[in-house]
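Please look over the structure shown here. The notes that follow cover its side-chain pairs and their surroundings.

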Amino acid sequence: MWADAAADPPRCSGSGAPGVPAATLPDGFPDGRALCPTCLRFVPLDEDGRLVEHDTSDPAESDSEAAQRRTWFNTHAD
């Protein structure tokens with residue numbers, strides 16, 4: 001049985017890492033956000049160019065965001 005006590009914390013360990021805005025799709029996605037190399041989410045950068053604090057997943061992520069992320073990886077992943 002899974003227990004919350006044994007679960008990893010939701011905060012991504014990539015929070016605070018240096019980042020650069022990811023390449024964009026023709027519609028502008030991911031809108032200046034950087035790809036977190038730890039959780040593979042697109043995350044805003046702070047004024048120092050570091051990934052803002054974020055969780056490893058977003059249960060409120062829209063279907064549109066998930067579809068755009070898939071398209072981005074199919075277009076830009078190497």
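**Briefing: charged and aromatic pairs**

The side chains of arginine 11 and glutamate 53 form a salt bridge, at 3.5 Å from N to O; the term requires a side-chain nitrogen of Lys or Arg within 4 Å of a carboxyl oxygen of Asp or Glu. Arginine 11 lies in the segment before S1 and glutamate 53 in the loop between S2 and H1, so this bridge ties together parts that are 42 residues apart in sequence. The model is predicted: local features need pLDDT of at least 70, side-chain atom pairs count only at pLDDT 80 or more, and totals for chains, interfaces and linings use all residues. Residues are numbered from 1 along each chain as its sequence is written, and side-chain values use heavy atoms, with hydrogens and water left out.

**Salt bridges**

- The structure holds five salt bridges, and those of arginine 11 and arginine 41 are described here.
- Arginine 11 also forms a salt bridge with aspartate 55, where the closest N and O atoms are 3.2 Å apart.
- That pair links distant parts of the chain, with arginine 11 in the segment before S1 and aspartate 55 in the loop between S2 and H1, 44 residues apart.
- Arginine 41 and aspartate 58 meet through their side chains in a salt bridge of 3.8 Å, N to O.
- Here arginine 41 sits in the loop between S1 and S2 and aspartate 58 in the loop between S2 and H1, 17 residues apart, and the pair links distant parts of the chain.
- Salt bridges that share partners join Arg11, Glu53 and Asp55 into one network.

**Accessibility of the charged residues**

- Arginine 11 counts as partly exposed at 43% relative accessibility (buried means under 20% relative accessible area, exposed over 50%, and partly exposed in between, with a 1.4 Å probe and protein chains only).
- Arginine 41 is buried at 18% relative accessibility, and aspartate 58 is partly exposed with a relative accessible area of 35%.

**Aromatic pairs**

- There are four aromatic pairs in the structure (rings of Phe, Tyr and Trp, the last by its six-membered ring, pair if their centres lie within 6.5 Å; planes under 30 degrees apart count as stacked, over 60 as edge-to-face and the rest as tilted).
- The ring centres of phenylalanine 29 and phenylalanine 42 are 5.3 Å apart and the planes stand at 80°, so the pair is edge-to-face.
- Phenylalanine 29 lies in the segment before strand S1 (34-35) and phenylalanine 42 in strand S2 (residues 42-43), so the pair ties together parts 13 residues apart in sequence; strands (E, at least two residues) and helices (H or I, at least four) are DSSP runs, numbered from the N terminus.
- Both phenylalanine 29 and phenylalanine 42 are buried.
- Phenylalanine 42 pairs with tryptophan 72 too: the centres are 5.0 Å apart and the planes at 75°, so this pair is edge-to-face.
- Tryptophan 72 is in helix H1 (residues 63-76) and phenylalanine 42 in strand S2, so the pair ties together parts 30 residues apart in sequence.
- Tryptophan 72 is buried, as is phenylalanine 42.
- Ring pairs link Phe29, Phe42, Trp72 and Phe73 into a cluster.

**Glutamate 65**

- Glutamate 65 lies in helix H1 and is buried, with a relative accessible area of 18%.
- Neighbours within four places in sequence aside, glutamate 65 is in contact (heavy atoms within 4.5 Å) with Phe29 and Arg33.
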